[in-house]
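Reader: Could you take me through this model, starting with the fold and then going on to single residues?

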Amino acid sequence: MLDVIWIGGNIASMEAEAGPWGAIRDAALGVKDGRIAWIGPRADLAGPPETLARDVRDFTGRWITPGLIDCHTHLVYGGDRAREFEMRLEGASYAEVARAGGGIVSTVKATRAADEATLLALAAKRLAALTAEGVTTIEIKSGYGLDLETELKQLRVARRLGDQSGVTVRTSFLGAHATPAEFEGRADDYIDFVCSQSMPAAAEAGLADAVDAFCESIAFSPAQTERIFQRAGELGLPVKLHADQLSDLGGAALAARYGALSADHLEYTGEAGVAAMAAAGTVAVLLPGAFYTLRETKQPPIDLCRRHDVPIAISTDSNPGSSPATSILLMVNMACTLFRMTPEEAVAGVTRNAAKALGMQATHGTLIEGKVADFCVWDIAEPAELAYRIGFNPLAVVVRAGRELRAESSKA
């Protein structure tokens, strides 16, 4: 006996091999013990729905998609950087802001000063905006502490966010995000500190699911990044990378060489980097919010990713400086309008490919039997509406592990 069965509407399973959108018309979806136990055309059910499940829900006229996944965020931080937004509009570049003492290091000061309860309250508001648009899984990075105490504080807050919200949270240790003031001019010494103290402490406390780094001219060199990746491997943690955002330092190829789950940003990545990612199975995570906010003109290598069959994920990059965004649906639209992705590619970017970018493709990202029952019910006539509309949230119900987090009051 199923716990619940959803009947009557249409499903975009996002299974790549199942045709456009993985669409199932006049569908049924059965849930048991938090997993998908049956999915297919309603006509193929073994009997009347009422005899197959304890509860029956009718979603006629609507679409179900997998729960949305925001696979790259910096959600836990203190303060804001509205003044830097003004500076950029006055002509300062992202790199110039960073060199003037703004950027990441300014958020580090505010995050170090904030206590855990304050950080949790601030991040919970940001997460609420994302869950209201169908996000059921999110990745949250550290990287605004750059000392042992604050890095662990950020990661603890991220774990607590998952516990109190019902959303699945994956954490990434991003100690190599910038060089803190106390190590100014001594970046190699700071990498020593990360490798010997803060990264092992995060791993020992069970607070990190992966390790990330920022490989860029204003952050860390490929050689320094490689040291981070080597230490992560010793600690048994997979890696990710902020790569080739402002210049091509070979970050994508470096990430691929270490079997990275993802390489993110990628505006300056060339064909050699994309080919390396394809060979390694590394996902390209594109961040249209940062592209938009920084008014970038260099497009990420969409066509190269298509040509080499590199999966493309989309994320908010929610952070206080380069992408103060808490709308996953806007990112889906931007992926289409700014990067010329198709609506199906963009939605795959926040479902199937986002799951792969977190190493969760076996359990999340598509709707098939056996996977976790994370899904959204949308008041839309066709799934392309999720990419087409701006400032429009058609979410009716969100289900996490078979449990409704937001639902209408009536039942079938």
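Author: What follows is a walk through the sheet, the helices, the core and some single residues. This is a predicted model, in which local features need pLDDT of at least 70 and side-chain atom pairs count only at pLDDT 80 or more, while totals for chains, interfaces and linings use all residues. Residues are numbered from 1 along each chain as its sequence is written, and side-chain values use heavy atoms, with hydrogens and water left out.

Reader: Okay, in what order do the strands of the eight-stranded open sheet run?

Author: The order is 8-9-10-11-12-13-14-15, and the pairing is parallel. Helices (H or I, at least four residues) and strands (E, at least two) are DSSP runs numbered from the N terminus, and two strands pair if DSSP finds at least two bridges between them. Strand 8 and strand 15 (312-314) are the edge strands, each pairing on one side only. On average, neighbouring strands of this sheet are turned by 25 degrees against each other, with direction ignored.

Reader: And which bridges hold strand 9 to strand 8 and to strand 10?

Author: Strand 8 (residues 68-70) is joined to strand 9 by three bridges, the two running parallel, and there Ile69 stands opposite Thr137. On strand 10 (residues 168-176), strand 9 pairs over five bridges, again in the parallel sense, with Arg170 as the bridge partner of Glu139.

Reader: Why is strand 9 called largely enclosed?

Author: Seven of the seven residues of strand 9 (residues 135-141) are buried, so the strand is largely enclosed by the rest of the structure. Buried here means under 20% relative accessible area, against over 50% for exposed and partly exposed in between, with a 1.4 Å probe and protein chains only.

Reader: What about the other end, how is strand 14 joined to strand 15?

Author: Strand 14 (residues 283-286) runs parallel to strand 15, and three bridges join them; the partner of Val285 in strand 15 is Ala313.

Reader: Switching to helices, at what angle do helix 6 and helix 7 pack?

Author: Helix 6 (residues 148-165) packs on helix 7 at about 35 degrees, with the axes 10 Å apart. Axes are lines fitted to C-alpha atoms, for helices over the stretch in contact, and angles run from 0 to 180 degrees between N-to-C directions. The residues making the contact (heavy atoms within 4.5 Å) are Leu148, Leu152 and Leu155 of helix 6 and Phe193, Gln197, Ser198, Ala201 and Ala202 of helix 7.

Reader: Which strands does helix 8 lie across?

Author: Helix 8 (residues 222-234) lies across strand 10, strand 11 (210-215) and strand 12 (240-243), and runs at about 175 degrees to strand 11.

Reader: Now the core: how many residues does the largest nonpolar one have?

Author: The largest nonpolar core has 94 residues, and Ile138 and Ile228 have the most contacts inside it. Such a core is a set of buried Ala, Val, Leu, Ile, Met, Phe, Trp, Tyr and Cys residues joined through side-chain atoms within 4.5 Å. Helix 7 (residues 187-204) gives the largest share of this core, eight residues. Apart from this core lies another, of 18 residues, including Val4 and Ala373.

Reader: What does Ile228 touch?

Author: Not counting residues up to four places away in sequence, Ile228 touches Ala176, Ile191, Val194, Cys195, Met199, Val211 and Ala213.

Reader: How many disulfides are there?

Author: A search of the whole structure finds zero disulfides, a disulfide being a pair of cysteine sulfur atoms within 2.5 Å. For Cys71, the closest cysteine sulfur is that of Cys305, at 13 Å, which is too far for a bond. Cys71 is also buried, with a relative accessible area of 0%.

Reader: Last topic, where do the non-glycine residues Leu146 and Asp244, with positive phi, sit?

Author: Leu146, with phi near 60 degrees, is in the loop between strand 9 and helix 6, and is buried at a relative accessible area of 1%. Asp244, with a phi of about 55 degrees, is in the loop between strand 12 and helix 9 (251-257), and counts as buried at 1% relative accessibility.

Reader: And Glu84, buried or exposed?

Author: Glu84, in helix 2 (residues 82-89), counts as buried at 7% relative accessibility. Leaving aside neighbours within four places in sequence, Glu84 is in contact with Val97, Gly102, Gly103 and Ser106.
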